[in-house]
Amino acid sequence: MSLWKQSTEVMRVDLVVEQRIGDTFRIVLPFAVVALMIFSLATPASVSDVGDVGTAVFWGIAILYGMQVALRTSMSETEQRKDIAILLGLDPAARFLGRSMAAALLLTGFMAVLFVAMVILFSPDLPGGWAWPTGLAILLAAVGLAMLATLAGEVASGLRNRSALASLLIAPLAIPLVIGASQVLESMAGDDGILIWILLLITTDLALLVAGVGLSRPLEEASR
Amino acid sequence: MRLDSVGVTLGGVAVLTDVSLQLGSGEAVAIVGPNGSGKTTLLRLIATLLRHAHGVGTILGADLGGVVDRSVRTSIGLITHAPALLDELTISENLIHFCRVSGRNEEAAPKALSAVGLENVAERPVARCSFGMKRRAEIAWLLIAKPRLLLLDEARSGLDSEARVLVDSLARLTRERGGGVVTVSHGEGDLGLDVVAVHRLENGRLGKIS
């Protein structure tokens, strides 16, 4: 079976499981929206432009809660399931790609809804033509975070404190994604070009793709 | 399959020491031993899921110490003491998923489920299935997969007599196809199949009983 077919099958099953459990949209998303509300209520009246705070808070919460979404599959995997996946002949690169694609789809939806909530709660002064660059930034950040979390989950796999370790691995490595994504709106507001930030996001995503696919087999062998 | 003086160390602890075992085509061997003796570790080693610390071994022609080819792993069938199905999917969906990932024909799933008596509960989520149903589903998968090497980790324990017969039939079919069977159990009374040798594993060391 081809790498692509295996990847899409892994993605399909991940999404079916997510649809039935509802972790992302029934549990994590409401908590993330509540966190946004708390920030909006806690922002002092003396802050001159609450809207600017809103976009920064959005990216912070999107990345932090997004980690929970992206890590959920690898954190729930048992040793028996890992064993059966190997004996089924599942290519570790296909597992990485499939999980990343599923997580990227979920994260894109998660961040899109969270962005709408941020706009309602903080009423930021969005620059003209903000929609597609923001959508692109969300998509690229979601793809990057999904691959980063999947890779971190594989690295931390089998460890007792894997959830904490995976989060610790993701947080610093997500910095290029946060900078790139957050600077897209910032640059538009200041009439600066956004291309450099989009390129930063694309470069980060490509680097994660290469690392994830390239490391998947050695990581599986190392876990033997 | 052949293991010569193989040892496995997990977390700095020697779990298996100087284990030698041989299994020919169409043969079955049994390994008995108490809890914690290393039975599951031995089966995971044979399944190429663990790396050994010393010794040499070949599994279906593949060197145990090297990178194991996909075709070898897909020829190994493993039933562990805890069923490895996805709880959120139905029994049927699990089998179809296994077929798709391994490149096997998913149209074989309904027939296999019928063969193990699960045709009426095929659309039940695994989370709402009994242990026996999950075990039957695993047997159904292995009927489709037709492994050349079947590894049974206390596969008969906790099952009713009908399900035990299914496990025994699976082992018999594997041997009739020229495959090998390794079964582990707490005692000789739980084996349920004719074996060429019974070994006792104790404190990670293997000794032949018969």
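In chain B of this predicted model, 68% of the contacts between residues at least 6 apart in sequence join residues at least 24 apart. Two residues are in contact if their C-beta atoms, placed from the backbone, lie within 7 Å. For chain A, residues 24 or more positions apart account for 85% of the contacts with a separation of 6 or more. Residues are numbered from 1 along each chain as its sequence is written, chains are lettered from A and ligands numbered from 1 in the order in which they are written. Local features need pLDDT of at least 70 and side-chain atom pairs count only at pLDDT 80 or more, while totals for chains, interfaces and linings use all residues.

Chain B holds 6 helices and 10 strands. Helices (H or I, at least four residues) and strands (E, at least two) are DSSP runs, numbered from the N terminus. The radius of gyration, taken over C-alpha atoms, is 17 Å for chain B. This agrees with the value near 17 Å of a compact globule with 210 residues. The globule rule is 2.2 Å times the number of residues to the power 0.38. Along its principal axes, the C-alpha trace of chain B spans about 45 × 35 × 35 Å. Of its 210 residues, 48% are buried. A residue is buried if 20 or more other C-beta atoms lie within 10 Å of its own, exposed if 12 or fewer, and partly exposed in between; these C-beta atoms are placed from the backbone.

An open, mixed sheet of 6 strands in chain B has the order β6-β7-β8-β3-β9-β10. Strands pair if DSSP finds at least two bridges between them. β6 and β10 (205–208) of chain B are the edge strands, each with a single partner, so one side of each has no neighbour in the sheet. On average, neighbouring strands of this sheet are turned by 20° against each other, direction ignored. Within chain B, β7 (residues 149–153) and β8 (residues 180–185) pair in the parallel sense over 5 bridges. D153(B) has V184(B) in β8(B) as its bridge partner. Helix α6 (residues 161–176) of chain B packs on the sheet and touches β3 (28–32), β7 and β8 of chain B. The direction of this helix makes about 155° with that of β7(B). Axes are lines fitted to C-alpha atoms, for helices over the stretch in contact, and angles run from 0 to 180 degrees between N-to-C directions.

Chain A has 9 helices and 0 strands. Its radius of gyration is 18 Å, close to the 17 Å that the globule rule gives for 224 residues, so chain A is as compact as a globular protein of that length. Its C-alpha atoms fill a box of roughly 60 × 35 × 25 Å along the principal axes. Buried residues make up 44% of chain A.

The contact between the chains takes 22 residues from chain B and 19 residues from chain A. On the side of chain B, α2 (70–73), β6 (76–79) and α3 (91–102) each supply at least two residues. α3(B) gives the most, with 5 residues. By class, this side has 12 nonpolar, 5 polar and 5 charged residues. Ala, Val, Leu, Ile, Met, Phe, Trp, Tyr, Cys and Pro count as nonpolar, Asp, Glu, Lys and Arg as charged, and the others, Gly among them, as polar.

Most residues other than glycine have a negative phi. S123(A) has a positive phi, near 45°. S123(A) is found in the loop between α5 (92–122) and α6 (131–155) of chain A. It is exposed, with 12 other C-beta atoms within 10 Å. Phi of N203(B) is also positive, near 50°. N203(B) lies in the loop between β9 (197–202) and β10 of chain B. N203(B) counts as partly exposed, with 13 C-beta neighbours inside 10 Å.
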